[in-house]
Amino acid sequence: MKNYIIHCDWKVIEEGFDPKNNRVSESLFSLGNGHTGQRANFEEKYSGDSLQGNYLAGVYYPDKTRVGWWKNGYPEYFAKVLNAANWIGIHIQVDGEELDLATAQVDEFKRELDMHSALLTRSFVASLPSGKKLEVEVKRFLSMKNQEIGVIRYQLKSLNFSAPVTVTSFIDGDVMNEDSNYDEKFWVELEKEVEGANAFLCMETKKTGFHSGNRQLTRVLLNGKEQLDQPEALQKEKLVGSVFHSQLQEDDTLLVEKYAAICSSLQTPKGKMKAYTQKLVEEASAKGFEHLYQEHSKAWELRWETSDIEIKGDRAAQQGIRFNIFHLMQTYTGDDERLNIGPKGFTGEKYGGVTYWDTEAYCLPFFLGTAPERVAKNLLMYRYKHLGRAIENAEKLGFKNGAALYPMVTINGEECHNEWEITFEEIHRNGAIAYAIYNYINYTGDRQYLAPYGFEVLLGISRFWAQRVNWSEEKQAYVILGVTGPNEYENNVNNNFHTNKMAVWTLKYTLDVIAYIKREHPYLFEELIQKWKFNELQETDHWKEIIEKMYFPYDAKREIFLQQDGFLDKELVPVDLLPEDEYPINQNWSWDRILRSCYIKQADTLQSLYWFQEEYDEECVKRHFDFYEPITVHESSLSPCVHSILASRIGREDKAYEFYLRTARLDLDDYNNDTEDGLHITSMAGTWMSFVEAFGGMRVKNGQLMLDPFIPESWESYSFKISFRGSHLEIQMGEELKIINHNPGMVSAIIWGKSYELQEKQELILNREEK
């Protein structure tokens, strides 16, 4: 755990430069706008340890799978969201001496990310090995107004020298991914040109054929006056740039403004990339830095209006939640249903930047509560459009009749994960995708989505479950064998409770959806029967039998569901009895030892108790929480949020706060020693859930909004905002509870167990004693 980030309500601040923290900071200070992401790499040369990263949404490469022992059914490749052309390059030479913070003496250093306006500022004073001293301030942003524009303002001041200074502004396409399976470079050059301060580079991915078009227009001003001398053209393989020469006297200031167009063929036709990027940089340069920044800042202000959470009395918690919300909004805007959310977003290479079940289980609730309805709907449409691939994935494993197995890892609907125990055993992800459909409709009331989109996905998933179970003569029940549950520290187990639960729940929900469509859309239902060759009576009778006779491992003595068969054969030693130097166990223990231990990576059985809280009374949840939480190591970033919500449900308010703070500051404090390879974006959505659902007590039951808020003892007050069925509500909790309906129209809610109706623009004030 690290603790070098200064606590601040709206900013992330690093003071002093420690090269050992550089990769972590590159992740923390990353910028993104839903289209492009950029790690906080330095513009100038840096020969120290760094992970270069610029990413284009949806642009990927199918990196050939590398495994020691090939098994039938393995995917041919692991999809990688690529490190694309480095557009931020501004190298500085003073009298031939390179500015490089790895070799210079850094006397002062400050890096600051303004989360309110997504502006990254960096300033430092450095002495070159020759003794020349200079002061630098850099500002940059990726425009949220025009998502294909990036802007840099780089200012350099001479503090003790008079000497020639050379500025090289460039775009470098000769990049690679550190996680390349065979050290392969994934880009080839197509076209380049340089005309004075204007440089263009077009690259193409191997195999997938995506094009990226990058163009820069650079201005250099000396003491406020633009340098009119024509810069030198720089062209090398996969690199273009402009070289400016100036003469600096002591106290002179050199200002470099760089306007960059960053495009991909996912949005821009390949043949129009050159002309389109020219138009973009000309318009950006004409507007100038300040105007572009004001447009960008206004776009961010509108996003914060519907999503901000304010905490009084706990700056660490305040910074944590805004940091999480900020990076979620940077990663996904919901404008393109072809895109989804990677566990690391645009901040690193780990996990390939592809889609996991995290989206449905953790990210969807955030966008339901903070964004227009279409944003969450596009996440569902992403899966609907991949239904054909999900059916193909199931067929490869021997399933028939339109059974659908959604991939564990994907970018185009095809499975691309190469670990057997995860790819083929962690099938609970199918249940998460079904649950997301229910969650969306329960929250929005948009039942039209079921006909046909939701139904078709649910049918494919239900057909999978119906074939994945088998009948146990010994148990006289249906069982599901050879799976891995959410707890990835257990592989190839039988009858994982959460997996069995998701199978039964999905079948039940699909039956409800069939009844709805038959009643409300009978003609469409007949078309769907023909399209999917759905033998309703035969198939649903089998589903009903599975529902009735599914086996769930259970310990009658403790009155708890067991995580899987044989779980009580393990030695049950609480986590707090482990030596501290053995944490985290995934970095200190052998995999064999982990698999034989009782330790749980993340919520597993408790995941079901969280999703289906209405089915279990408080005492039941308490028994399960008290059994499973003490043996949970929380080495998945997705774990603390579920435990925070359940702790709140059973009145463990201190525990709820403890887990919230852990998830909120997971990356800021580098809890798991893994922030350097990117932030935990999908976990950040869990942070929002833990706040709104634990402290706010928010749930939606049968389409009815419910609130059961409490406030941690150390806080003075808090407020959060949610959008619900056309209403925008602000919930303020302090000495009293105030709920404001900011939109026209009435909204009803159950608060502390009592029903209330809030008319348009109404404020409802309740005392805590009324609880």
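Predicted model: local features only at pLDDT ≥ 70, side-chain atom pairs only at ≥ 80, totals over all residues.
Good morning. I begin with a pair of helices: α3 passes α19 in a left-handed crossing. Helix α3 covers residues 315–331 and helix α19 covers residues 681–695. Two packed helices are described by the angle between their axes and the distance between the axes. For α3 and α19, the angle is about 130 degrees and the axes lie 9 Å apart. That angle makes α3 oblique to α19.

Which residues of α3 and α19 make the contact? From α3 come Ile-321, Phe-323, Asn-324, Ile-325, His-327, Leu-328 and Thr-331. From α19 come Ile-681, Met-684, Ala-685, Thr-687, Trp-688 and Phe-691. Sorted by class, this contact of α3 with α19 has nine nonpolar and four polar residues, and no charged ones.

Phe-720 belongs to strand β27, which spans residues 717–724. Is Phe-720 buried or exposed? Its relative accessible area is 1%, so Phe-720 is buried. If we leave aside neighbours within four places in sequence, Phe-720 is in contact with Asp-308, Ile-309, Phe-691, Val-692, Gly-696, Leu-729, Glu-730 and Ile-731.

I turn now to a second pair of helices. Helix α8 runs over residues 428–444, and helix α9 over residues 453–468. Their axes are 10 Å apart and meet at an angle of about 155 degrees. Angles over 145 degrees count as roughly antiparallel, and α8 and α9 are therefore roughly antiparallel to each other. Their crossing is left-handed. On the α8 side, the contact is made by His-428, Asn-430, Gly-431, Ile-433, Ala-434 and Ile-437. On the α9 side, the residues are Gly-454, Val-457, Leu-458, Ile-461, Phe-464 and Trp-465. By class, the contact of α8 with α9 has eight nonpolar residues, four polar residues and no charged residues.

Finally, the cysteines. How many disulfides does a search of the whole structure find? The search finds zero. Cys-363 is in no disulfide, and the nearest cysteine sulfur, that of Cys-641, is 10 Å away. A disulfide would require the two sulfur atoms to be within 2.5 Å. Cys-363 has 0% relative accessibility and therefore counts as buried.

Thank you for your attention.

Conventions: Residues numbered from 1 in each chain as written. Heavy atoms only, no water. Axes fitted to C-alpha atoms, helices over the stretch in contact; angles between N-to-C directions. Helix = DSSP H or I, 4+ residues; strand = E, 2+ residues; numbered from the N terminus. Parallel < 35°, antiparallel > 145°, perpendicular 65-115°, else oblique. Left-handed = near helix turned anticlockwise from the far one by under 90°. Contact = heavy atoms within 4.5 Å. Nonpolar A, V, L, I, M, F, W, Y, C, P; charged D, E, K, R; others polar. Buried < 20%, exposed > 50% of the residue type's maximum accessible area, 1.4 Å probe, protein only.
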